[in-house]
Structure formats: structure tokens, C-alpha cells
There are 4 protein chains.
Amino acid sequence: MENMDQHCVALLKERGVTLEDIAECARFLQADYHQNLTREELMTSVKAVLSKREVQNAIMTAVELDKLAEEGKMSDKELEGALRRDEPLYGVDEVLAYGICNLYGSIALTNFGYIDKKKYGVIDRLNQAGKGDGVCNTFIDDIVGAIAAAAASRFAHRDAKEGN
Amino acid sequence: MENMDQHCVALLKERGVTLEDIAECARFLQADYHQNLTREELMTSVKAVLSKREVQNAIMTAVELDKLAEEGKMSDKELEGALRRDEPLYGVDEVLAYGICNLYGSIALTNFGYIDKKKYGVIDRLNQAGKGDGVCNTFIDDIVGAIAAAAASRFAHRDAKEGN
Amino acid sequence: MENMDQHCVALLKERGVTLEDIAECARFLQADYHQNLTREELMTSVKAVLSKREVQNAIMTAVELDKLAEEGKMSDKELEGALRRDEPLYGVDEVLAYGICNLYGSIALTNFGYIDKKKYGVIDRLNQAGKGDGVCNTFIDDIVGAIAAAAASRFAHRDAKEGN
Amino acid sequence: MENMDQHCVALLKERGVTLEDIAECARFLQADYHQNLTREELMTSVKAVLSKREVQNAIMTAVELDKLAEEGKMSDKELEGALRRDEPLYGVDEVLAYGICNLYGSIALTNFGYIDKKKYGVIDRLNQAGKGDGVCNTFIDDIVGAIAAAAASRFAHRDAKEGN
């Protein structure tokens, strides 16, 4: 794993997200198609997604925005308020998420829409925690959903190529 | 309603889809936020979505592709086969759907991903029918999901503006 | 004009961008199709684009990120460095821009790609200024290009509807 | 090269497009950054783009639509007319193109917008030919631009990784 990969893994960890959490979300998204798939089998795809520069840039930007809102360090208090309240129509969090999903094709976007509504696993935990005082998880839950959706889509495409 | 609007409403009807069916899907997508909302209240949004030129062009293109595949009139038999089998990784059907959703912002894409997986109402009917011999609904189910997702998103944005 | 509209106009002004600058970019994008069009005629479209909530959220987020990078207030120094250098492959600035363009259809995205490369008018000024010490315009030039591209696309669609 | 790759290369050729034509467009898009780059150096990227399933599906769908419009075989004469006239606001052609570009990140979309307006090389030839009687190149020129834009973006990302 390269430097920037490790930097992003550390950022995710700092926000309470492990690669296993993301692989578990990806497994959930593939469960209808592969009942006995384990989250370990999705780990390669999660790591491949995380190695892409545009994904890393989205992660860094998302984590920074959540932290700045959380710490009250934004100069624009309208924006800070919207992020702290996790305003459902804010929309820029999903825009960043789509920047990740798009790299893995249209199936990844469908996967994202589904897990974003179902709020499975770590996404639910992040979302609940974000409702607490002084915690802002507005961006990170969407970023995690997007990485999982992208990893599930990558897995599905490779699996089909191998003719399974 | 203008000429092209009517043309598209007729095309949808020819494929077994009424505006009421779409409004019902939009209602389903808003039900978590507005429990007592009726599908009639979403009809204005459905019609507004249908009045956009890019939406109309997507509908016409989608219906034509389904019909040509169904009637065996494509010169590319690889493509025709993928459409007739509703190949899950074909992806172009979702690409057209996103062309519609994008016009209504990032919430519309999330809505689409959700209803595409849940296959609610007419979307489920289309999908089931598409498995039958000689019926190809590969594009239309996604287009219907996209119009419903766009209409639900339009409704949510307007509702928030009015401060309800 | 509503409160949030004014807030965003003020943010743009703070970063050296007037609505006239944006209308001039939109005019440039329409000049091939309408030779004698004035920037005043595009002002309605610029204001309509600016009145959309998702556009306002993108503006606020973009301006905040540029300012924080400029003032050295980010906790992630990798990210701050990328923004201060206006790293050509950073990509999240364009992702935010597409979040705006998408609302106005596929023509808006093509418009954006063109003006982003040509760096016309205020976009060029912002880009040049961003190369100076202590100025970060990484996001704002793309946001301005996106608003202009969206306004030009909105104008073209309305113009065609009226049959001109 | 696999079966489907060869099928798509043959379809492109049937429509008057060689891989060399596409590589030349990609070279044009990279010329500002790498003055002495040859189109041969971009061929690996062109082939990599063409090997993706979603790209192949977009190519097949685009070529089929152009051919059916050209041959007057569409049942929807409104749609057929829009395609034959290469209606500038039709928009679905660009939607398919973005489905390709998105796979290679936000830089690819900017590249596409630029080459779509400049109409370089084979894109110009296709566009001119499409104005002739009985020729419909409405989709293919955008698809070719998208593949070139994606290949140029892929090259830029790899080149940066290698630290050149």
C-alpha cells in the first residue's frame, strides 16, 4: 500500500471506519447475487477503490469538511449549520459520493442509492453518531457508502468476466 | 400539455405505464418523510419532469430500443441479445436514467438507486413482464424509476422551500 | 432575491466575481449560436441558476474550501497542499462543478468542459491570481465556469422552446 | 484482444473510425501537457478504455441507433427525425458519452467538453459527413470524443503516478 492509501485509511479510522466495515457493506450489496460471499472476498475490491487518486481526494475533502464543521472552524456559519444539522437537501455530500461511484459505472450508483437509504452497518452507526452534539458525519457516511458501492460493482464486473 | 409531452405520455402508455403508476412510485419514495401524502399531490411534479426536453428524448430513445430488441429488428445481435436478456451489467439503461435524475439533483439519484433495487409497483410489473418471451422492458423500467425519483426529488425541494 | 441568493452573491463578490463576469462567460459560450447576444440577456439565466439550492450549497462549500486552504487552516496538510498548488488531477473541484452543470442537462457539461480549457474572462483572472502566493482559487474558477455553462445551457433550451 | 473488443473495433471501423483516429484525438487533448507525445503512446490507453464492458455497451448502442435512424427503420419518427437532423439539444448522445467519461474521472469529462466543441480530426469528419443525405452520425462522434477523452485522462493519471 502506498503513502496516500495509508493516509486515507488513517483518516477513515480517525472517523471510526475500518476497511472491514466497508467490506461488510460491500458484501451486503452483493448478498442477493452471491449468498455465501464473505467480506474478506470483497477486501481486494475495497483496497482497489481506495488506491484511486480521485477516491483519495474525495475522502480527504470529505473528512476535512466534517471536522471543520464539527470544530466550529468554518467562516461561513450558514454552511457550518447545514453540515452540523446534516440538512437532507444539502446535496454536496452525495455529489462527492457520485464522484467515487461514477468511476465504477452505473451499477455503482444504483448500489449507492440503495445503501444510502437502507443505512446498513457502519453507515447507520455514523449517521446515528452524527446526530449527537458536536459530531458531524454529514460527508463521511456518504463517502463510506460510495466506496462500498464502488467495491461491490467492481466485484460484480470482475466476477462476470471470469464467467462465474 | 404540449405536443411532445403527449407523444411521450402515449409512448409510456403503449409500454403499459400510466402517469398514475409513476406518481405512485414517487409517493412511495416520499412516504418516509410525508406519511399521508397522496399520489395526486405528486402528479404536478411527474408532469413537470415529463415536460423537460431531455426527459422526453430519453423516453423516446428508451422505448425505441426496447421495441426494436423485442421485435428482433436490431442489426447487432450481440446488443439485441443483451437487451432481451436484460443483462444486469449492461449499464446503458441506468446511464439514460441518470440523465433524467441528474436534472433534479443528487437526491434524485439516491431515490433512483433505492427504487431500482426495491422494484416497487409498476417497476416490478415491468421487470417481471420483461422476463417473458418476446417482451423487452430493459430500458423502460429504469426510465420509469428515474422519472419517479426525479419527481419525488422535485417535490421534496419545493416542499422545503415553502417551509413545511 | 432571497436571503441565500444574496449570501452567495456576496461570497462570489468576496472572491472577486460579479454576476456580470459570469453572464459574460455565458455569453461567450452562446456566441457561436447567437452573434449579437448581450451579456444582459443572459443575466436572467445566471440569476435563475444561482437561485437553486444545490448551486448555492456548491458555492458555499467551494468558497469555504478555497479560503481555508488560503489561510492555512486545514488540519490535513496533504489536502491543503494539493489545493494551494491547484493540482491538475485533484478532480474534486470539477466534481462540484458537475453537480451544478448536471442540473441543466448534458449540454451544460459540454459547455463547462470547453470554458474550463479556454479559461475565458474572469475564469482566466481567477486562475492567474490563484498562482500567486497566498491565494487559492482552486474551486472558485470551476464553480464560476459551471454557473456560466449552466446559464448558457438554460438560455439555449428556452430559446429553442420559443422557436427563435 | 477479446471477442467483444474485436466486435466493437469492427463496429467503429464500419462507421469510419480507426483506433489510430481515436488515439490522434487523445494526443491532441494531451498536447498542451506533453508536446512531443505521439499517438502511438496513447494507443495502450485507447485499447484499455475499449476493453471495458460499459464502454463496449455504449458503443454498440450508439452505433445501432445511428444505423437505424440512417436506414429509416425506427418506429418513432419524431426520434428518427431528431437523430437525422443531429438536433443540438437532443442530449442523449452526450449522456451516453458521459457514461464513458465518468469511468475515467472528472478530467475526462472536461476533455470531452473541449474536444466536442473543437471537433478535432475524425470527430470533425464524422460531424461533416453526418450532415449529408442518408448519413446519421449523431451518436458516433460523441462516443469517439468520449473514448479519446477517457484515454487522455487515463494517460494523464498514469503519467502523474510514475512521477514524470
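**Where the chains meet**

Reply: Happy to! In the contact between the chains, 19 residues of chain A touch 19 residues of chain B; two residues are in contact if their C-beta atoms, placed from the backbone, lie within 7 Å. This is a predicted model, where local features need pLDDT of at least 70 and side-chain atom pairs count only at pLDDT 80 or more, while totals for chains, interfaces and linings use all residues. Residues are numbered from 1 along each chain as its sequence is written, and chains are lettered from A and ligands numbered from 1 in the order in which they are written.

On the side of chain A that touches chain B, the elements giving two or more residues are α6 (92-101), α7 (106-118) and α9 (140-161) of chain A. Helices are DSSP runs (H or I, at least four residues), numbered from the N terminus. The largest share, 10 residues, is supplied by α7(A).

Sorted by class, this side of chain A holds 9 nonpolar, 7 polar and 3 charged residues. Here Ala, Val, Leu, Ile, Met, Phe, Trp, Tyr, Cys and Pro count as nonpolar, Asp, Glu, Lys and Arg as charged, and the others, Gly among them, as polar.

Now for how the copies are arranged. Chain A is superposed on chain B by a rotation of 180° with 0.0 Å of shift along its axis (RMSD 0.0 Å). The two copies are thus related as by a two-fold rotation axis. Superposing is done by least squares on the C-alpha atoms of residues with pLDDT of at least 70 in both copies. Both copies use the same surface, as 100% of the contact residues of chain A recur in chain B.
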